[in-house]
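Morning, everyone. Please have the structure open on your screens. I'll go from domains to the chain contact, then to the sheets.

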Amino acid sequence: MASREDKKALQGSNKNDGLTVLADVAEGEKCIVVKALGSFGLVRRLTEMGLTPGTEIKLLRKGILGGPVEIEVRGVALILGREVASRVLVKPVKEEQND
Amino acid sequence: MTKQLRVALAGNANVGKSVIFNQLTGLNQIVGNWPGKTVERAEGTLHFKGYTIRLIDLPGIYSLSPFSIEEIVSRDYIATEKPDLIINVVDASALERNLYFTLQLLELDAPIVIALNQMDLAAKKGIRINVKRLSELLGVPVVPTVAITGSGINELLLTVIEVIEEKRKLQPFNVRYGQEVEKIIQELQEIMKREPSLADVSYPLRWLAVKLLEKDEDVIKKLRDYECADKILKHAERLATKLESIHGEPSPVVLASERYSIASKIFKEVASIDAYPRISFEHKLDALTTHKILGYIFLTCVLASMFTFIFIGGNIISEYLDPLFRSLIFQLERILQAHLPEIAVKLISNGVLDGVTAGITIALPYIAPFYIILALLEDSGYLARAAFLMDNLMHKIGLHGKAFIPLILGYGCSVPACIGCRIMETQRERLIAAFVVTLVPCAARTIVILGLVGRFVGLYAALGLYAFNIILILALGRLAFKVLPGEPVGLIMEVPHYKKPSLRVVISKTWFRTKEFVYIAFPIIVAGSLAITAMDLTGFIEILTSNMKPLIEGWLGLPANAGVPLIFGVLRKELTLILLSELIPLESLTAMQMIVFTLITMIYIPCVATIAALVKEFGWMKALTIAIVNVALALLIGGIAYRVLTFL
């Protein structure tokens, strides 16, 4: 499903600026949405569900064997298929150690 | 004289909308489908303060974009039917996301009153909301409610009447975007204003302009009916490109982001959040049911009890009803014989009465329990957890997590399974799921698999058939996924909080859905069995069998009269075996013939009740297409199996 340009965009950003995709964020970690990649319909849907650029997301849990990820965004829990989560470019948030 | 009012309930999914609907309308409901759509339409009436209020429950949706049929149905209803008032049910525990939807209602110029529901849950999550401030900011009344206990419902109705009687004026908040975006929206709006042909559109022009900039395919399609479409679309495209070049994002993202930032601003102004939420039990249950190992064990238990409930429960009802109906029919036949000629009696008893009996004793006992389970799954919030666990596997057949439920149900009975496919979001996914479901061997087909192949050829052969069936489903699911038009969108699903389902809602949902099924499916079942009886009495079946001889004998390698049971099997799949045993001693069949016969029974045309369910969900065209594809597939596979097995 992933188009070549998307993959390029993902790889390119991986090298440069510490960005990663939502699917690669660890359980319990937080991150900020940079951009949703992929088809027009998918990007629109993700945006409508509240994943607009700049939004903070917490990754709650991941399913086994490449299963979906569950996230918290704007006070709501959402499940995203792993292939959907791997189209969301995010910037990890470094949390302070003792909170 | 009572005054008539039309009021609609609108809001996100999982906000307690159906609970409010049931609180308001009680038993005065009609549940059906939106014309030509697989979307449930619930309508009810209530009387209040001299008004007769017709209340319509719009589907639970997150947005008014053209993503799903539900969203298009809802916005078309709001814009073109123009209800007197809309009660926007808002989840207080997820206010920000819910406000995103409220803003879209306001953009549609819809007159709204807000029911701020699940206030109890919000309090548990440590969210406190300044209701008065929220009402001031949005310029519409906000009534806090806890639907499940009925708290605030009366006040909600009073507020509705106050607004209708203009004792309370709505001064709805104007949704305004950032400067650059506004300039572009207004430019497009001005262009549209100058088109005389657009003067009578039922949608607000500003809303149309926003949707065109968002490249909303449904709005674009609707606009094409107007002469000026090309010109407007050209302008819209130019302006959308301009917007994208300013913001560096696709235009729908720009507009949604701005809408969200308005929602976020309102949310921050009215809500305060305690640092320590107190919902430990729900958290524990959530963690257990999505756990990497325990979650699957729990799921297995849920499925097992679901099956037990639907099928054991159904069996008990069915066994109780069956003799009752048999004796009833026997009595009726005797009465009829005294007054009518032989052929008419046969038509009535074999056609009409047997059809009704099959419907009541076979389909209905399984459907009513199924509807109870479906309502429980929907309302408790477990469905989302099951989807989380099974998403992975379902991807193999081109579907996602939610499809697991109908698929599993298919092993019991195809009828509730086909109806269960409506939990999928898009029409495309519903169709793929339903197609796959018709191929899953239901309990009746299991009788044939075990009773013929299992008994005479061996258990391993029977299990082999099941394994083959799973491979077939994987392959055909993937194929349907590739072939069907439309864009697949992966799993994006809200995980609602666990909630104790309301008994009242579960019972009322079950009752109204079952009633609707009876209305739609029974005429089809009766017509089907009447047609086959008539064909039998006129000798048409004999002609058909002799014509089918080359197919049955030559292509499939079966005895010629095996065609008859296959024709009658359309009524009930287990009939194929029962009739076959009446025509031919089963022992005289070769192992290969048994396997071919069972394979065909497993795959060919869904039974009449399933076809009725498919018609109800998808319309005649799609139902017949599925049926024809299945028949062709069965004949193809049967013929190949005959040749391969002979070769072995």
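Start with chain B. Its domain assignment gives domain 1 (3–164), domain 2 (179–247) and domain 3 (294–648). Those bounds come from an automatic or database domain assignment. Taken over C-alpha atoms, the centres of domain 2 of chain B and domain 3 of chain B are 48 Å apart.

Some ground rules. This is a predicted model, where local features need pLDDT of at least 70 and side-chain atom pairs count only at pLDDT 80 or more, while totals for chains, interfaces and linings use all residues. Residues are numbered from 1 along each chain as its sequence is written, chains are lettered from A and ligands numbered from 1 in the order in which they are written, and side-chain values use heavy atoms, with hydrogens and water left out.

Now the contact between the chains. Chain B gives 44 residues and chain A gives 37 residues; contact means heavy atoms within 4.5 Å. Together they bury about 3,300 Å², 60% of it on carbon and sulfur atoms. Buried area is the accessible area (1.4 Å probe) that two parts lose on being put together, summed over both.

What about polar links? Between chain B and chain A, 17 residue pairs are in polar contact, both at pLDDT 80 or more. That term means a pair of N or O atoms within 3.5 Å; within protein, one must be able to donate a hydrogen and the other to accept it, and residues adjacent in sequence count only if both atoms are side-chain atoms.

On the side of chain B that touches chain A, the elements giving two or more residues are α3 (95–107), α11 (251–270), α12 (280–289), α15 (382–394) and β10 (492–494) of chain B. Helices (H or I, at least four residues) and strands (E, at least two) are DSSP runs, numbered from the N terminus. The largest share, six residues, comes from α11(B).

Next, charges. Five salt bridges cross the interface of chain B and chain A. Each is a side-chain nitrogen of Lys or Arg within 4 Å of a carboxyl oxygen of Asp or Glu. A:Arg61 and B:Asp286 meet in a salt bridge, at 3.2 Å, N to O. Over all chains, the structure holds 35 salt bridges.

Last, the sheets. An open sheet of seven strands has the order β1(A)-β6(A)-β2(A)-β3(A)-β4(A)-β5(A)-β10(B), with antiparallel pairing. β1 (20–21) of chain A and β10 of chain B stand at the edges, each with a single partner strand, so one side of each has no neighbour in the sheet. Pairing needs at least two bridges found by DSSP between two strands. Where do the chains join? Strand β5 (residues 76–80) of chain A runs antiparallel to β10(B), with three bridges. There, A:Ile79 stands opposite B:Met493.

Within chain A, strands β3 (residues 56–62) and β4 (residues 69–73) pair in the antiparallel sense over five bridges. A:Ile57 faces A:Val73 in β4(A).

Thanks. Questions, please.
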